[in-house]
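Thank you all for coming; I would like to walk you through one structure this morning, so please keep the picture in view while I talk.

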Amino acid sequence: MADGHRLLLENARQVVLVCARGERFLACDALRSLAVLEGASLVVGTDGFIKAIGPADDIQKQFSEETFQERIDCSGKCILPGLVDAHTHPVWAGERVHEFAMKLAGATYMDIHQAGGGINFTVERTRQASEEELFSSFQQRLGCMMRAGTTLVECKSGYGLSLETELKMLRVIERARRELDISISATYCGAHSVPKGKTATEAADDIINNHLPKLKELGRNGEIHVDNIDVFCEKGVFDLNSTRRILQSGKDIGLQINFHGDELHPMKAAELGVELGAQAISHLEEVSDEGIAAMAAARCSAVLLPTTAYMLRLKQPRARKMLDEGVIVALGSDFNPNAYCFSMPMVMHLACVNMRMSMPEALAAATINAAYALGKSHTHGSLEVGKRGDLIIINSSRWEHLIYQFGGHHELIDYVIAKGKVIYKK
């Protein structure tokens, strides 16, 4: 039906806009209080974009003659933007539940990695899996994320390490991007680990000379759309020089730089990212003070992953220092076989408790700032007229319950809506 509007959400106790003036991100003092309307309604058009938000009476008058495909009474409930997960590794075969037991018994991430486990174990299994098997498990995982309130998710390749398997993973991500309701930002992460039998320099050469030209060609033909390039910049994985070469080559073919830096060792990855014009850097548990200052000045987003430090018992990233210095802080679940978490509400809770963020800071980090980290904050991450109608409705009188309740999001979330279409209803 072309006339009328797709969706009317009426009489919400609270509508959390997050931003109200078209901000691309929130930092510093802007994080102290988010834009929230009380007793408001919201309209999404048939094109899937938000047409109006305002006091319930005003919206009722303005749209009294209009027809809607769907109306939802939100009395006593809260409407929030769909959550944005800025860092995930969701395409793989090979569970690592046995490694969780090893970690609990004291093995470090690098102990397991060097013993052929970790990324290497998953690479073996992912290489063996068919494209159909990978798509099927990926679709299931995205469904879990969506039911926990995520409507835009960054998805990395990186368990192939060979051109053939990396392309298989990227085709799976592309298929999901076309077929599913959840929005996807695709990341090529072929430099996730150095493949067996290669040095970091040889692996970098292979990526620069073979992988990236192929991606450029597939992008031109419209076969695979990739948004970001990622490298695991780490001692014993890709050093600063190899990282620089790969990221620069990715940037040269039009990819946004969005990479793993300063996680297990201080590598000056943040300084490198700023120098190369990175959109975002993830992890940063070991970032230097200079790196933090440089990221703040360059408006380079910090994607913090509270699940990683929690599960690996590492020290937490210095979120407070970053926030106080004006860094644009975003959050991600880091969903992968090492950190098996689908839920951004749990990630926000961990960010508040373990990284000492406030609830408004955590919500901004999982909405507008996570969208900014993916270069999508002009369309996603807040409830404003002209933006995509991606939102969640929670059954509570205050929005903070989404963070306050630890692990109870399945009971709280009544609806998840993408482009004005209900994609999950409790």
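The centres of domain 1 and domain 2, taken over C-alpha atoms, are separated by 30 Å, and the domain bounds themselves come from an automatic or database domain assignment. In that assignment domain 1 is made of 4-24 + 32-80 + 382-425, whereas domain 2 covers 83-374. Please remember that this is a predicted model, in which local features need pLDDT of at least 70 and side-chain atom pairs count only at pLDDT 80 or more, while totals for chains, interfaces and linings use all residues. Residues are numbered from 1 along each chain as its sequence is written, and side-chain values use heavy atoms, with hydrogens and water left out.

How do the two domains meet? If we take contact to mean heavy atoms within 4.5 Å, then 29 residues of domain 1 are in contact with 23 residues of domain 2. Between them the domains bury about 2,200 Å², of which 76% is on carbon and sulfur atoms; buried area here is the accessible area (1.4 Å probe) that two parts lose on being put together, summed over both.

Across this interface the rule finds one salt bridge, where a salt bridge is a side-chain nitrogen of Lys or Arg within 4 Å of a carboxyl oxygen of Asp or Glu. Asp-181 also forms a salt bridge with Lys-421, and the closest N and O atoms of that pair are 2.9 Å apart. On the side of domain 1 that touches domain 2, the largest share, four residues, comes from β15; helices (H or I, at least four residues) and strands (E, at least two) are DSSP runs, numbered from the N terminus.

Let us turn to the sheet. Eight strands form an open sheet in the order β6-β7-β8-β9-β10-β11-β12-β13, with parallel pairing, and two strands are said to pair if DSSP finds at least two bridges between them. Because β6 (83-85) and β13 (329-331) stand at the edges with a single partner strand each, one side of each is left without a neighbour in the sheet. From one strand to the next the twist averages 25°, with axes as lines fitted to C-alpha atoms, for helices over the stretch in contact, and angles running from 0 to 180 degrees between N-to-C directions. Within the sheet, β8 (residues 183-191) and β9 (residues 228-231) pair in the parallel sense over three bridges, and Thr-187 stands opposite Asn-228 in β9. Helix α8 (residues 240-252) lies across β8, β9 and β10 (256-261), and runs at about 175° to β9.
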